[in-house]
Amino acid sequence: MDKFKIGIIGCGSIANGKHMPTLAKIDGVEMVAFCDVVDSRAEEAAKKYGIPGAKVFTDYRELLKVREIDNVRVLTDNGKHYEITMEALRAGKHVLCEKPLAISSRDAFEMARTARENGRLLSVGYNHRYNQDSIFLKREIEAGRLGDIYMAKARVLRRRGAPTWGIFTQKEFAGGGPLIDVGTHAIDLALWFMNNYRPKYIVGRTYSAIRDQREIGNLWGDPDPKLFTAEDSAFGMLVMENGAAVIIEASWLLNTLEKGGVRYLLCGDKAGADNFDGSLRINGVTSNTQYEMRPDFIGNSASFINGSNATPAEIEQRTFLNAIAGKGELCVKAEQAAVVVQIIEGLYCSAESGQPYYFSNEEVD
């Protein structure tokens, strides 16, 4: 393959903040077509990141007709991921879709199945897997350092950080609130670390305790209550088929001082690990003495690319492109991402019914 010919579908914030500037740094990549329902956004993206003569569309179906495009980025609202990805796969394109893969597990598993049936690669933008601490810890786990991981926490808590742009707060379009928006990253990390994708049941609760208050001190200004139809926090206890437990916590609005980005806790029968204070720390016992170890990543690059100081976003793109070229495997597999959607869906169902939600793992097999 001489150069990768990429089509960008959705030229909004995630495209401009992550995907397009990252792709622009990678040799052997050409962004040849751009699509957005707002034509000016597509035109601006084409001028800034496209090759000379890059095509601009407002209908993604027209972009998919461009034969030279071999892979696309689906960077639209959550509710559009299924439709666009399915058509892209059937058009013979490899797809890197932003998280979540879909807003229903039925759609997510169908997307994974369609990719397999069409011989195309489908991956999802869970970029936290490519953080230095994540890669280091994954290797430690695979080496058996933590032993059998039987308890985990997947947490993303914002004290006052509800988005006030786009459709993030509108459940009918986004599929939910902080759980599906940012909690999805933490759930993905926990399952990946544990290498456990067989959920048994979940008990969950969602809350809208703060969103309708007049003054909420939100980081990006007070959201429009008429457009805030999703939860402002969500919590769950997930039990896997092997008995392992995962505690899930996600919020945009919560009266807490315990906040931060994507956080995880892993407890194995040999050692444990967490990043609750913002950096990786591993704990255990050796020579009958408790220890705490903090890896020092300064000057080092724990990545899939030997000798590279690449950012997580760049490693994500390179890993996907290398897989297309047959030079490596996908890190984030569509089937794994579908299980994350399944768990999120189960938590919402449990919250609505007030009862535990039991999973069917037929699709996982």
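A residue is called buried when its relative accessible area is under 20%, exposed when that area is over 50%, and partly exposed in between, with a 1.4 Å probe and protein chains only. By this definition glutamate 249 and arginine 155 are both buried. The model described here is predicted, so local features need pLDDT of at least 70 and side-chain atom pairs count only at pLDDT 80 or more, while totals for chains, interfaces and linings use all residues. Residues are numbered from 1 along each chain as its sequence is written, and side-chain values use heavy atoms, with hydrogens and water left out.

The side chains of glutamate 249 and arginine 155 meet in a salt bridge, with 2.5 Å from N to O; a salt bridge is a side-chain nitrogen of Lys or Arg within 4 Å of a carboxyl oxygen of Asp or Glu. Glutamate 249 belongs to strand 10 (residues 245-251) and arginine 155 to strand 7 (residues 149-157), so this pair ties together parts that are 94 residues apart in sequence. Helices (H or I, at least four residues) and strands (E, at least two) are DSSP runs, numbered from the N terminus.

Strand 7 also holds alanine 154, which is buried with a relative accessible area of 1%. Apart from neighbours within four places in sequence, alanine 154 is in contact with Ala186, Ile187, Ala190, Val246, Ile247, Ile248, Glu249 and Arg263, where contact means heavy atoms within 4.5 Å.

Arginine 294 forms one with aspartate 277, the closest N and O atoms being 2.8 Å apart. Here arginine 294 lies in the loop between strand 14 (289-293) and helix 9 (312-324), and aspartate 277 in the loop between strand 12 (271-274) and strand 13 (281-286), so the pair ties together parts that are 17 residues apart in sequence. Arginine 294 is partly exposed at a relative accessible area of 39%, and aspartate 277 is partly exposed at 42%. Both residues belong to a network of salt bridges that links Asp274, Asp277, Arg281, Glu292 and Arg294. A further salt bridge joins aspartate 59 to arginine 61, with the closest N and O atoms 3.5 Å apart. Aspartate 59 is partly exposed at 29% relative accessibility, and arginine 61 is partly exposed at 37%.

The loop between strand 13 and strand 14 contains serine 287 and asparagine 288. Most residues other than glycine have a negative phi, and most peptide bonds are trans. Serine 287, however, has a positive phi of about 50°, and asparagine 288 has a positive phi near 60°. Both are exposed: serine 287 has a relative accessible area of 69%, and asparagine 288 reaches 78%. A cis peptide bond runs from lysine 99 to proline 100, with omega near -15°; proline 100 is found in the loop between strand 5 and helix 5.

Helix 5 (residues 105-117) packs with helix 4 (residues 81-90), their axes coming within 10 Å and crossing at roughly 10°. Helix 4 is therefore roughly parallel to helix 5. Axes are lines fitted to C-alpha atoms, for helices over the stretch in contact, and angles run from 0 to 180 degrees between N-to-C directions; those under 35 degrees count as roughly parallel, over 145 as roughly antiparallel, 65 to 115 as roughly perpendicular and the rest as oblique. Helix 4 contributes His81, Tyr82, Thr85, Met86, Leu89 and Arg90 to the contact, and helix 5 contributes Asp107, Glu110, Met111, Thr114 and Ala115.

Helix 9 has 13 residues and reaches 19 Å from its first C-alpha to its last, close to the 18 Å expected at 1.5 Å a residue; the expected span is 1.5 Å times one less than the number of residues. This helix is mostly covered, with 10 of its 13 residues buried. The buried residues of helix 9 pack against strand 1 (4-9), helix 1 (13-23), strand 2 (29-35), strand 4 (71-74), strand 5 (94-97) and strand 6 (122-124). After helix 9 comes glycine 326, whose phi is positive, near 75°.
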